[in-house]
Amino acid sequence: MEWLRVPLADLDSEGRAVVERDGDEIAVFLVEGEAHAVANTCPHEGNPLVEGEILGPTLTCAFNNWKFELETAACLFGDEHVRLYPPALRDGEIWIALDA
């Protein structure tokens with residue numbers, strides 16, 4: 001398995017970051033001590049999900065109100081899931097599985 005490692009120090013004050021791998025942006029979130037990583041592109045219109053609102057386990061796109069479950073990337077409001085990158089929190093870093 002290939003991993004992308006993101007130090008917690010790279011997250012902003014809201015626990016967010018965008019990392020790039022092979023031209024794809026990944027939105028990384030630390031919410032209540034849990035790591036999450038999804039494609040940074042909303043499937044509706046391609047807007048950046050890192051700018052969305054997080055309420056509990058739900059990420060809402062700031063541009064079109066589509067809602068995604070952070071843990072599974074399932075679409076709760078809209079009709080297409082976002083790509084999930086399984087994360088793990090290890091030794092002060094978020095490890096993102098790239099080939100899962």
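How do S9 and S10 pair, and over how many bridges? In this predicted model, the two strands pair in the antiparallel sense, and four bridges connect them. One of the residue pairs involved is Arg90 with Glu93, the latter lying in S10.

**The two open sheets**

S9 and S10 belong to an open sheet of three strands, arranged in the order S1-S10-S9 with antiparallel pairing. S1 and S9, the latter spanning 87-90, stand at the edges with a single partner strand each, so one side of each is left without a neighbour in the sheet. From one strand to the next, the twist in this sheet averages 25 degrees.

Another open sheet is built from three strands in the order S2-S3-S4, and its pairing is antiparallel. Here S2 and S4 are the edge strands, each pairing on one side only. The average twist from one strand to the next is 25 degrees. Between S3 and S4, which run antiparallel, there are six bridges. Within this pairing, Leu30 stands opposite Ala35 of S4.

| Strand pair | Sense | Bridges | A residue pair |
|---|---|---|---|
| S9 and S10 | antiparallel | four bridges | Arg90 and Glu93 |

In soluble globular proteins, nonpolar side chains tend to be buried together. The largest nonpolar core of this model holds 29 residues, of which Ile26, Val28, Phe29, Val38, Leu49 and Ile96 touch the most other members. Two or more residues come from each of strand S1 (3-7), strand S2 (16-21), strand S3 (24-31), strand S4 (34-39) and strand S10 (93-97). The greatest contribution is that of S3, which supplies five residues.

Val38 illustrates the contacts made by one of these core residues. Leaving aside residues up to four places away in sequence, Val38 touches Ile26, Ala27, Phe29, Leu49, Leu59, Ala73, Val82, Arg83, Leu84 and Tyr85. Among these partners, Ile26, Phe29 and Leu49 are also listed with the core residues that touch the most other members.

Terms used:
Residues are numbered from 1 along each chain as its sequence is written. This is a predicted model: local features need pLDDT of at least 70, side-chain atom pairs count only at pLDDT 80 or more; totals for chains, interfaces and linings use all residues. Side-chain values use heavy atoms; hydrogens and water are left out. A nonpolar core is a set of buried Ala, Val, Leu, Ile, Met, Phe, Trp, Tyr and Cys residues joined through side-chain atoms within 4.5 Å. Buried means under 20% relative accessible area, exposed over 50%, partly exposed in between (1.4 Å probe, protein chains only). Contact means heavy atoms within 4.5 Å. Two strands pair if DSSP finds at least two bridges between them. Axes are lines fitted to C-alpha atoms, for helices over the stretch in contact, and angles run from 0 to 180 degrees between N-to-C directions.
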